Amino acid sequence: MSGLRFAIFASGRGSNAEALMQAFATDLIPAEVGLVVCNQPEAQVLQKAQARGVPTVLVPSKGLAREAHEAQLLEELHKARIDHLLLAGYMRILSPYFLKRFNGSILNIHPSLLPDFPGLEGAERQWAAGVKVAGATVHFVDAGVDTGQILLQGSLIVRGDEGPDGLAKRVLHEVEHVVYPRAVRLFIDRLNRYRKEAP
Ligand code: GRF
């Protein structure tokens with residue numbers, strides 16, 4: 001174990017969160033998920049985490065100014081002694097202030113081969129554009145929309161009969177759920193190497 005503690009941020013279905021929690025439960029990710037953070041009361045991710053015994057916190061964002069919402073988030077993350085954040089379908093922009101507090105320690109998964117197709121519905125837009133190779137990207141989060149440094153990408157060959165929803169499903173299951181846990185492992189390995197090399 002690296003002793004590192006991660007929080008997963010999600011707003012909905014939570015299939016990436018599930019794939020991550022599964023990997024955290026094996027040797028693939030030698031660290032702990034200390035918290036699943038959600039801003040939507042109805043989100044399925046909450047049950048998924050609870051079923052695994054992973055602590056959850058619901059911090060509803062509706063009607064709250066960004067600053068007030070983030071102040072609550074920061075308090076919860078502090079209480080749970082979280083070092084790094086994994087965004088997995090978290091549908092809220094984080095402020096530059098918040099990003100600074102976790103400088104270089106926030107990853108996100110996006111359903112396209114960035115820098116192509118940033119923003120919403122990346123997978124469906126890959127279909128619409130007729131790409132032959134589709135994929136997903138794990139990247140560091142910066143103040144832009146899906147513009148942070150790329151950590152790892154995965155791809156698949158488009159068959160051509162999937163349709164937009166079918167391609168989005170393939171990208172999710174065949175690429176995202178595989179590449180995100182591996183990216184987290186890579187991130188931890190890099191941190192460990194850096195710790196060893198630091199004087
Ligand atoms: C995924 O496609 C992810 O790439 C994007 O939001 C979606 C979340 O899906 N950022 P899920 O909640 O992980 O199933």
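**Ground rules.** I number residues from 1 along each chain as its sequence is written, and side-chain values use heavy atoms, with hydrogens and water left out. As the model is predicted, local features need pLDDT of at least 70 and side-chain atom pairs count only at pLDDT 80 or more, while totals for chains, interfaces and linings use all residues.

**The sheet.** I began with the strands, which like the helices are DSSP runs numbered from the N terminus (E, at least two residues, for strands; H or I, at least four, for helices). I found an open sheet of 7 strands with mixed pairing, in the order 3-2-1-4-5-6-7; two strands count as paired if DSSP finds at least two bridges between them. Strand 3 (56-58) and strand 7 (150-157) are at the edges with a single partner strand each, so one side of each has no neighbour in the sheet. From one strand to the next, the twist averages 20°. I took axes as lines fitted to C-alpha atoms, for helices over the stretch in contact, with angles from 0 to 180 degrees between N-to-C directions.

**Strands 6 and 7.** Which sense does the pairing of strand 6 and strand 7 have? It is antiparallel, over 7 bridges, with strand 6 spanning residues 133-140. I looked up A136 and found its bridge partner in strand 7 to be G154. Helix 6 (residues 163-197) packs on the sheet and touches strand 1 (5-10), strand 4 (84-87), strand 5 (106-110), strand 6 and strand 7; contact here means heavy atoms within 4.5 Å. The direction of helix 6 makes about 150° with that of strand 7.

**S155.** I stayed in strand 7, where S155 is found. Leaving out residues up to four places away in sequence, S155 touches L113, V133, A134, G135 and V175. Its C-alpha atom is 16 Å from that of A129, 26 residues apart along the chain.

**The ligand.** Which residues are around the ligand? I listed R13, G14, S15, N16, G89, I109, H110, P111 and E176, each with a heavy atom within 4 Å of the ligand. N16 uses a backbone N or O atom, 2.8 Å from a ligand oxygen.

**Salt bridges.** I counted 7, taking a side-chain nitrogen of Lys or Arg within 4 Å of a carboxyl oxygen of Asp or Glu. One of them joins R5 and E32 at 3.5 Å, N to O. This pair links distant parts of the chain, with R5 in strand 1 and E32 in strand 2 (residues 32-38), 27 residues apart.

The peptide bond from L114 to P115 is cis, with omega near 15°. P115 sits in the loop between strand 5 and helix 5 (122-128). R81 is not a glycine, yet I read a positive phi of about 55° there; R81 lies in the loop between helix 3 (66-79) and strand 4.

Definitions and conventions: Polar contact = N/O pair within 3.5 Å; in protein donor to acceptor, adjacent residues only side chain to side chain.
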